[in-house]
Amino acid sequence: MEDQMNYYRFSREQWKQFYRNNQHQVPLTAANLHEIEAFNDRISLDDVRDIYMPFAHLLQAKYEHYLSWRETESVFLHRQNRQSPFIIGVSGSVAVGKTTTARLLEILFKYLYPDRRTQLITTDGFLYPNAELKKMQLMERKGFPESYDMTRLIQFLNDVKSGKPLAKAPVYSHQTYDIVPNRFDVITHPDILIIEGINVLQLPSNQAIYISDFTDFSVYVDADADLIEDWYLERFKALMKTAFQDPTNYFYPWAIGDPKNAMAMAERVWEEVNLKNLNDYILPTRNRADLILHKVAHHVIDAVYFRKY
């Protein structure tokens, strides 16, 4: 990633110096990391120590400031300070590792604030069901902005941010490649909500309000497109030998067929769907993030970009 005028760029060595207190005390083990990392992603205790602990403590400062501002605002307006969660948005390409980042932030916030409720959802649940996508002739554009029920997603975020005691997010299954009927992730008065998805920073043209209007801090997980393609194809190849072997899996017909045909299909999906989505709709949102985690080979974070203003 080229240097951006509105971001400070810090190398890994520089970034890890920003949190030196108890820097060897990481609230995770290698086994914990293995449990939370997304399939075919890579993360180490060094990553937690050098990148995520400083990041978590920056977020902690932002959260404390947020609570203070909420109190100041309520006093000024002579209104009761209703509970409104601090929302962190995590965005980036398919296969770049944003799921692992979101899960790790969830664990670190639970460590920093054991008495507060931290919850995590993904925007995948707000994709239209496959049956509706087929009716709208959008199956080939699944993951593109128009394939999401943005009205429902915005209403969900409005319910959460306005302090409703309970909000439901639909559940998406990567096993069936579809929305699971009558299943929901229930969000109940969180103090901190992490929302992860490729569209967290997007500005849909037909909406008066956007996902990012609800977020208090946003992070974009970044890497060169060629690297992300390698990670996507590596993941697909590994899943061919594992999850795709389940007869209920959407990709089962490919798993039991000719592997060359399956990989050719995956390459077409990357080129015609994921890469196009990245270039046209995801990457242009990068400069809207408060912080960018830049990855190189083997998912190593080599630099952190922090917004100047």
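Predicted model: local features only at pLDDT ≥ 70, side-chain atom pairs only at ≥ 80, totals over all residues.
Residues are numbered from 1 along each chain as its sequence is written, and side-chain values use heavy atoms, with hydrogens and water left out.

**View 1. An open sheet of seven strands.** Reading across the sheet, the order is β1-β9-β8-β7-β2-β6-β3, with mixed pairing. Its edge strands are β1 (7-11) and β3 (118-122), each of which pairs on one side only. From one strand to the next, the twist averages 20 degrees. Two strands pair if DSSP finds at least two bridges between them; strands (E, at least two residues) and helices (H or I, at least four residues) are DSSP runs, numbered from the N terminus.

**View 2. Strand β1 beside strand β9.** Here β1 and β9 (residues 301-307) run antiparallel and are joined by five bridges. Look for Ser11, which stands opposite Ala303 in β9.

View 3. Strand β7 (residues 217-222) is mostly covered, with six of its six residues buried. Buried means under 20% relative accessible area, exposed means over 50%, and partly exposed lies in between (1.4 Å probe, protein chains only). Phe217, Val219 and Val221 point one way from β7, while Ser218, Tyr220 and Asp222 point the other way. Strand β2 (residues 86-92) pairs with β7 in the parallel sense over five bridges, and β7 also pairs in the parallel sense with strand β8 (residues 291-295), over four bridges. Val219 is a handy landmark: Val219 is the bridge partner of Val90 and stands opposite Leu291 in β8.

View 4. Asn249 counts as buried because its relative accessible area is 5%. Leaving aside neighbours within four places in sequence, Asn249 is in contact (heavy atoms within 4.5 Å) with His174, Gln175, Ala243 and Phe244.

View 5. Side chains of opposite charge can pair when their charged atoms come close. A salt bridge is a side-chain nitrogen of Lys or Arg within 4 Å of a carboxyl oxygen of Asp or Glu, and the count comes to twelve. In one of them, Lys16 meets Glu13 (3.3 Å, N to O); these residues are about one helical turn apart because they lie three residues apart in helix α1 (residues 12-16). Another joins Lys110 and Glu106 (3.3 Å, N to O), four residues apart in helix α4 (residues 98-112). Lys110 is partly exposed at 42% relative accessibility, whereas Glu106 is buried at 16%.

View 6. The closest N and O atoms of the salt bridge between Asp159 and Lys164 are 3.6 Å apart. Asp159 is buried, with a relative accessible area of 15%, while Lys164 is partly exposed at 44%. Salt bridges that share partners also join Arg12, Asp47 and Asp50 into one network.

Terms used
Axes fitted to C-alpha atoms, helices over the stretch in contact; angles between N-to-C directions.
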